[in-house]
Amino acid sequence: MQESVVKPKPFSVLGLPVHLLDNYGDWLRSRLHQGIGTHVVTLNAEMTMLCERHNTLAGVIHQADLVIPDGAGIVLYLRLQGKKIRRCPGIELAELLLQSRQLGASWSVFFYGGAQGVAETAAEFWQQRVPGLKLAGTQHGYPCPAEAEKLRQTLTQLQPQLILVGLGAPRQELWIAQHRVLCPQATWIGVGGSFDIWAGEKSRAPAWLADNHLEWLYRLYQEPWRWRRMLALPKFARKALAHRLTELEALVLRPED
Ligand code: UDP
């Protein structure tokens, strides 16, 4: 197997794996090209804290083929460990893949998630932007049992190569882990609220906020109901600092190591 498609060695972020690659897009395109089934998790501080009480989610993240540093907290944690890394937002990785030449030629894409009509509008947006994009289909994220069964049948029949799932965390990660067997050669990415952005329902934070690790503040402004979930962020920061201090303490006490 080519080295570029082998699962990379992970770094630990409070016990969860994160894979650091120079070019996630090339790695994924290589897997897509060879039909190697791939689950991509876009990790942030909220998910990391959720894993403390959600063993199933933690197990799914450990099993995933690629875990990318999506959140500013994860990036700052790894920088504290001396890693020179940049944030890789899941929405940007998905956009990169949607613009791949092969999506017009041999690969097809499926959008699953969002309120009624959102995935369709997002798909129309991409079809206008990338003429010739092969769309296998769309499904909103609140299916009744009959629609959920139809979705399973459609995926099994059409075998799309790229399946974007925007159900929010942890729903999308658990759903992908349960359903990836239906399309064993596909790349599955949990894309959170990306369909809302592509459909024009919501907007991303201005670049200057994102560049200063403050995208979360913009989301809080857009969706104030998130405040309770966001209490996980200071908790993550405290744990990250405590972990780093313990490591430094160990270095000082055992300098010969
Ligand atoms: N959503 C969905 N089905 C559900 C719950 C949520 O399709 O049962 C969608 C929701 O419409 C929104 C997305 O999931 O488009 C969640 O976006 P968010 O930005 O909150 O993702 P997170 O930050 O949780 O990853």
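Start with β7 and β8: they pair in the parallel sense, over four bridges. Pairing here takes at least two DSSP bridges between two strands. Helices (H or I, at least four residues) and strands (E, at least two) are DSSP runs, numbered from the N terminus. L162 has T187 in β8 as its bridge partner. I163 stands opposite W188 in β8. From β7 the chain crosses to β8 through helix α9, residues 171-179, and this β-α-β crossover is right-handed. Right-handed means this: with the strands pointing away from the viewer, the path from the first strand over the helix to the second runs clockwise.

Two caveats. This is a predicted model: local features need pLDDT of at least 70, side-chain atom pairs count only at pLDDT 80 or more, and totals for chains, interfaces and linings use all residues. Residues are numbered from 1 along each chain as its sequence is written.

Back to β7. Strand β5, residues 109-113, also pairs with β7 in the parallel sense, over five bridges. There, F111 stands opposite L164.

How buried is β7? Five of its five residues are buried, so the strand is largely enclosed by the rest of the structure. Buried means 20 or more other C-beta atoms within 10 Å of the residue's own, with C-beta atoms placed from the backbone; 12 or fewer is exposed, and in between is partly exposed. In a regular strand, side chains alternate between the two faces of the sheet. Both faces of β7 are covered: L162, L164 and G166 on one side, I163 and V165 on the other.

Zoom out. The open sheet has six strands, in the order β4-β3-β8-β7-β5-β6, with parallel pairing. β4 and β6 (135-139) stand at the edges with a single partner strand each, so one side of each has no neighbour in the sheet. Twist averages 15 degrees from one strand to the next.

Next, helix α5, residues 90-98. Its buried residues are G90, I91, L93, A94 and L97. Down the axis of α5 they fall within an arc of 165 degrees, so they line one face of the helix. That arc is taken over directions from the helix axis to the C-beta atoms. The buried residues pack against several elements, including β3 (38-43), β7 (162-166) and α10 (194-198). Contact means C-beta atoms, placed from the backbone, within 7 Å.

Note on methods:
Contact = placed C-beta atoms within 7 Å. Axes fitted to C-alpha atoms, helices over the stretch in contact; angles between N-to-C directions.
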